[in-house]
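Reader: Can you walk me through this one? I'd like to ask as I go.

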Amino acid sequence: MLEKPGTAAGGETEGRRFALGVEYMVPGLAEVYAKTGVTWAKAAAIGCTWGDIEPRPPVAGQHVYHWDAADRLILEYQRAGFRHFHVYVRSMNRWASSKPVKPVGGGSSLPKPEHWEDYKAFLRAFVQRYDTNHLGHAPGLLYPIEYWEIEAEWGTGFWQGTVEEYLELLRVAYQTVKQANPRAKVILIGFFLAGLFEGHPDPKEIPTTLAAMPAQRRRVTERYLDEMRQLLAHPDLFDVVEFHSLSDWSEIPGMTRFLRETMRQYGYEKPIWVGDVNYTASPMMFWGIPVPPYTEQQKPAIEATLKALSQPRDRHHQEALAWFRAEQAEGLVKKVILAMGEGLAGINIGNLKDEGLFGLVPQITGTVAFQGLIDTTGLPPRPGEPRPAYHALSLLVKKLGEFTDVERLDVGRGVYAYRFTVRRRPVYVFWYDDGRRYLPGDKEPATRVHLTLPPGQYRLTETPTAAGPIPVRTVTIPAEGWTIEVGSTPIFLEPAGEV
């Protein structure tokens, strides 16, 4: 029997209401992000690995766990108003791992044979500490944590073992989590595959897209797809599937449909989440390679843009920064709308602050260094001014946080158009895409769309792309319909008046 994916909203329970969250949780920033209205949050693996919590082996069977950092973080976010959480759990532990932990980048592997029981004891203690129904839960815990992701990301070095070894760990972890808290959900390790699904929503396009890739990249991508299929062939070991969206917003439909198609081939369907979401890390330069829809021909301009972003004294810095802040906000809205439109269970938006270290090598890391939704100052980081993407997230919660239905509309080639039902009223979202990507100074195209809607007054709200008030105006739609110019900036259209 297939499980029907959720299409409603609000962020309460997966499978019934769409969950909108943020990641990765940063100490000191809970209150400012709670003001957006989101109620889901995801903790980073750092601080939640086995080695962080149990840095020394047990003595005479007695385990000593260090919960202070995790307690402070989780309780801060719960007290600020967050009610639902995802937690990464990694087996990385220098005294227990079967392979040496790399000095830079780390990496998880199976426990040594003599430490399997210690791993199970740690995982059981972790789950029970954040279960309000367990007598030994963390003091002051307000809500249970019931979503546990086993390891961080597939194929990018976070897991140092094979598919078979991961499945061995997952089998043990799944049983342990369920025994510790029968209500808990286990999330399969997240998939991250850039360069295949951008602009290609139909899985039938995979062979053609692969054939157009350079040979080495094609082989790597084909191997990754095969490993995804191998992991998805074990639905008895997980409850939720997740993929990571660090690439262009247009990857979401294709990846979603591939995952669903693969699950159905194995006779099941489980909820899908999007995680590790950077609104758009494009112009993405992983190891000097532009990720589609950006092209190799744009590479010099991409490199100039990344240089300007990373160097405040560059004469084009302000222009590049303004362009990127607009891209951030637009990409955030598009990724969330597409996740909603594809019937996903939820999406976690990152990042809560800039990661400046990545700015040292932008040709490798793209725009990852500049992805914070807000400015921060000092160490530890303190919240500063919200950026347009922060206001875009708040706008999504306000406009669509209680949607109960969504329908894709056909109003013209290249136009993304959705009708949401929110408290029994329609809310429309539109934007235009010609399949290309643009850089600072480029003129982006627009198209004219004729809309046939019930006549009357409507409130038109633009996605905020710069500092200042959010652009809002009232328009009158006559009985014969209304023509509007739609560009790359998503617009929200709803009947005027009190809700």
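Author: What follows is a quick tour of a predicted model.

Reader: Let's start with holes. What is the volume of the largest cavity?

Author: About 210 Å³. A search of the whole structure finds one cavity of 30 Å³ or more.

Reader: Which residues are closest to the centre of the largest cavity?

Author: They are E327, K334, R437, E444 and S488. The lining has 18 residues.

Reader: Which helix gives the most to the lining of the largest cavity?

Author: Helix α10, residues 317-341, with four residues.

Reader: Tell me about α10, then. How many of its residues are buried?

Author: 20 of the 25 are buried, so α10 is largely enclosed by the rest of the structure. The end C-alpha atoms of α10 are 35 Å apart.

Reader: What happens just after α10?

Author: G343 takes a positive phi there, about 75°.

Reader: You mentioned α8. Is α8 largely enclosed or left open by the rest of the structure?

Author: Largely enclosed, because 11 of its 15 residues are buried. The buried ones include P253, T256, F258 and L259.

Reader: What do the buried residues of α8 pack against?

Author: Helices α6, α7 (215-232) and α10 are on the list. So are strands β7 (190-191), β8 (241-244) and β9 (272-278).

Reader: How far does α8 reach?

Author: From first C-alpha to last, α8 reaches 21 Å, close to the 21 Å expected. Just after α8, G267 takes a positive phi of about 90°.

Reader: Zoom in on T256. Buried or exposed?

Author: Buried: T256 has a relative accessible area of 0%, and the cut-off for buried is under 20%.

Reader: What is T256 in contact with?

Author: Leaving aside neighbours within four places in sequence, T256 is in contact with F243, I272, E342 and L344.

Reader: Now G195. Where does G195 lie?

Author: In the loop between β7 and α6. G195 is buried, with a relative accessible area of 6%. Leaving aside neighbours within four places in sequence, G195 is in contact with M213, R217, V291 and P292.

Reader: P292, okay. What is the peptide bond from P292 to P293 like?

Author: That bond is cis, with omega near 5°. P293 lies in the loop between β11 (289-290) and α9 (299-310).

Reader: What about the bond from G350 to N351?

Author: Cis as well, with omega near 5°. N351 is in the loop between β12 (346-350) and α11 (362-365).

Reader: Back to phi. What is the phi of D276?

Author: Near 50°, a positive value in a residue other than glycine. D276 lies in strand β9. At 11% relative accessibility, D276 counts as buried.

Reader: And R423? What is its phi, and where does it lie?

Author: The phi of R423 is near 50°, also positive in a residue other than glycine. R423 is in the loop between β16 and β17 (425-432). R423 is partly exposed, with a relative accessible area of 40%.

Reader: Last topic, the core. How many residues does the largest nonpolar core have?

Author: It has 124. Y77, F191, L332 and F420 have the most contacts inside this core. Helix α5 (residues 163-180) gives the largest share, 10 residues.

Reader: What is F420 in contact with?

Author: Leaving aside neighbours within four places in sequence, its contacts include I337, M340, L400, F403 and V429. D405 and R425 are also among them.

Definitions and conventions. Residues are numbered from 1 along each chain as its sequence is written. This is a predicted model: local features need pLDDT of at least 70, side-chain atom pairs count only at pLDDT 80 or more; totals for chains, interfaces and linings use all residues. Side-chain values use heavy atoms; hydrogens and water are left out. On a 1 Å grid over the protein atoms alone, a cavity is a set of points where a 1.4 Å probe fits but cannot get out, and a pocket is an open set with protein on both sides within 12 Å along at least five of seven lines; lining residues have an atom within 4 Å of a point. Grid points are joined across faces, edges and corners, and a volume is the space filled by probe spheres set on the points. Helices (H or I, at least four residues) and strands (E, at least two) are DSSP runs, numbered from the N terminus. A nonpolar core is a set of buried Ala, Val, Leu, Ile, Met, Phe, Trp, Tyr and Cys residues joined through side-chain atoms within 4.5 Å. Buried means under 20% relative accessible area, exposed over 50%, partly exposed in between (1.4 Å probe, protein chains only). Contact means heavy atoms within 4.5 Å. The expected span of a helix is 1.5 Å times one less than its number of residues.
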